Amino acid sequence: MDNWQDITDTRLVRPIHPGEVIADILDELDIDTTKFSEILGVSNQIVNEIINCQSSITVDIAIRLGKALGNGPRLWLNLQQKVDVWDALQSHKEEYEQVMTLV
């Protein structure tokens with residue numbers, strides 16, 4: 001937990017949501033969300049929720065993104081994990097400080 005705390009304690013703002021990265025990529029590629037959802041094989045609603053930072057990147061979506069964009073799923077999962085850890089630490093920081101370190 002210390003490594004994650006180091007990352008979030010020194011960070012003043014929430015890490016960028018992967019949906020924002022996807023939106024930028026789609027702008028650069030001049031692809032709309034409808035076409036991109038077809039490429040991914042998912043609904044347009046799912047793509048829009050991710051781009052609007054309303055949904056998280058699941059393993060399934062990460063694999064699809066990695067395949068479509070040629071960069072593999074790990075990037076997308078790592079971006080999502082940073083957001084998830086940040087959010088959890090912001091919401092429950094005092095509770096986590098009460099957890100005893102065993103090793």
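**Reading the features**

Trainee: How does arginine 14 count by its relative accessibility?

Mentor: Arginine 14 counts as partly exposed, at 37% relative accessibility. Keep in mind throughout that this is a predicted model. The class follows from the cut-offs: buried is under 20%, exposed is over 50%, and partly exposed lies in between.

Trainee: Which residue forms a salt bridge with arginine 14?

Mentor: The general idea is a side-chain nitrogen of Lys or Arg within 4 Å of a carboxyl oxygen of Asp or Glu. Here the partner is aspartate 87, and the closest N and O atoms are 2.7 Å apart. The pair ties together parts that are 73 residues apart in sequence, because aspartate 87 lies in helix α6 (residues 73-97) and arginine 14 in the loop between α1 (2-10) and α2 (18-29). Aspartate 87 is also partly exposed, at 29% relative accessibility.

Trainee: How many salt bridges does the structure hold?

Mentor: Two. In the other case, the side chains of aspartate 60 and arginine 64 meet, with 3.0 Å from N to O. These residues are four apart in helix α5 (residues 59-69), so about one helical turn separates them. Aspartate 60 is partly exposed, with a relative accessible area of 40%, and arginine 64 is partly exposed at 30%.

Trainee: Next, buried residues. Is tryptophan 76 buried or exposed?

Mentor: Look at the relative accessible area, then at what the residue touches. Tryptophan 76, in helix α6, is buried, with a relative accessible area of 0%. Leaving out residues up to four places away in sequence, tryptophan 76 touches Pro18, Val21, Ile22, Ile25, Ile57, Ala62, Leu65, Gly66, Leu69 and Asn71.

Trainee: Where is histidine 17 placed, and what lies 2.8 Å from a polar atom of its side chain?

Mentor: Histidine 17 sits in the loop between α1 and α2. The backbone nitrogen of glycine 19 lies 2.8 Å from that side-chain polar atom. Histidine 17 counts as buried, at 2% relative accessibility.

Trainee: Last, the surface. Which residues make a nonpolar surface patch?

Mentor: For such a patch, nonpolar side chains are joined within 5 Å, using residues with over 30% relative accessible area. Met100, Leu102 and Val103 make a patch of about 460 Å². Leucine 102 lies in the segment after α6 and counts as exposed, at 72% relative accessibility.

Key
Residues numbered from 1 in each chain as written. Predicted model: local features only at pLDDT ≥ 70, side-chain atom pairs only at ≥ 80, totals over all residues. Heavy atoms only, no water. Helix = DSSP H or I, 4+ residues; strand = E, 2+ residues; numbered from the N terminus. Buried < 20%, exposed > 50% of the residue type's maximum accessible area, 1.4 Å probe, protein only. Patch = residues over 30% accessible without salt bridge, like charges linked within 9 Å, V, L, I, M, F, W, Y side chains within 5 Å. Areas by Shrake-Rupley, 256 points an atom, 1.4 Å probe, with all protein chains shown as cover. Polar contact = N/O pair within 3.5 Å; in protein donor to acceptor, adjacent residues only side chain to side chain. Contact = heavy atoms within 4.5 Å.
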